[in-house]
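Please look over the sequence and the structure shown below before reading on.

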Amino acid sequence: MDHVERARRFVAVIPHCAALGITVEAIGDGWATLALPYDPRLIGDPDTGVIAGGAVSVLMDSASGAAVMSHPEANGLTATIDLRIDYMRSATPGQRLIARADCHHVTQHVAFVRAVTHDEDTDRPVATATGTFTIIREAR
């Protein structure tokens with residue numbers, strides 16, 4: 001199985017991704033784009049209909065992990081070491097969210113990722129993130 005297919009399967013088997021309806025939109029060498037559909041069950045503020053920040057964080061963490069797993073130099077499983085998320089604005093109620101994560105550097109045991117999440121307004125991010133992920137190398 002190649003690294004891109006492995007990353008797709010990684011997202012598919014995460015129970016909370018399935019519960020939230022997160023899907024892989026696109027994936028390539030060292031990057032992944034995942035989507036979170038709008039769902040009233042995920043509303044964090046009933047007065048505004050805005051999706052809870054926790055759902056956004058799951059989306060960004062999952063996209064980042066998939067980006068690491070799809071990187072040709074990672075060759076293994078991954079787990080989050082640290083993920084810093086900056087929430088830039090509230091997501092627009094009723095719109096799905098898209099997270100694009102890029103794994104921009106890989107060492108022997110750590111991968112570094114940047115991610116951006118937006119709704120239909122692609123010029124104004126909902127959130128940005130930077131993260132580090134451990135690489136659990138498989139025995140060869």
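## A charged residue to begin with

Is E25 buried, partly exposed or exposed? In this predicted model, E25 has a relative accessible area of 38%, and E25 is therefore partly exposed. The side chain of E25 forms a salt bridge with R96, in which the closest N and O atoms are 3.3 Å apart. Because E25 lies in strand β1 whereas R96 lies in the loop between β5 and β6, the pair ties together parts that are 71 residues apart in sequence. R96 is likewise partly exposed, with a relative accessible area of 40%.

## The sheet and its helix

An open sheet is formed by 6 strands, which follow the order β1-β2-β6-β7-β8-β5 with antiparallel pairing. The edges are taken by β1 (23-28) and β5 (76-87), each of which has a single partner strand, so one side of each is left without a neighbour in the sheet. From one strand to the next, the twist averages 20°.

Within this sheet, strand β2 (residues 31-36) is joined to the antiparallel strand β6 (residues 97-106) by 6 bridges, and T33 stands opposite R100 in β6. Helix α3 (residues 53-69) lies across β1, β2, β5, β6, β7 (110-118) and β8 (127-137), and the helix runs at about 140° to β5.

## Further salt bridges

The count of salt bridges comes to 6, among them one between R100 and D102, with a distance of 2.8 Å from N to O. R100 is partly exposed at 34% relative accessible area, and D102 is partly exposed at 29%. Another salt bridge brings together the side chains of D86 and R84, at 2.7 Å from N to O, and D86 is partly exposed, with a relative accessible area of 29%.

Note on methods: Residues numbered from 1 in each chain as written. Predicted model: local features only at pLDDT ≥ 70, side-chain atom pairs only at ≥ 80, totals over all residues. Heavy atoms only, no water. Pairing = 2+ DSSP bridges. Helix = DSSP H or I, 4+ residues; strand = E, 2+ residues; numbered from the N terminus. Axes fitted to C-alpha atoms, helices over the stretch in contact; angles between N-to-C directions. Contact = heavy atoms within 4.5 Å. Salt bridge = Lys/Arg side-chain N within 4 Å of Asp/Glu carboxyl O. Buried < 20%, exposed > 50% of the residue type's maximum accessible area, 1.4 Å probe, protein only.
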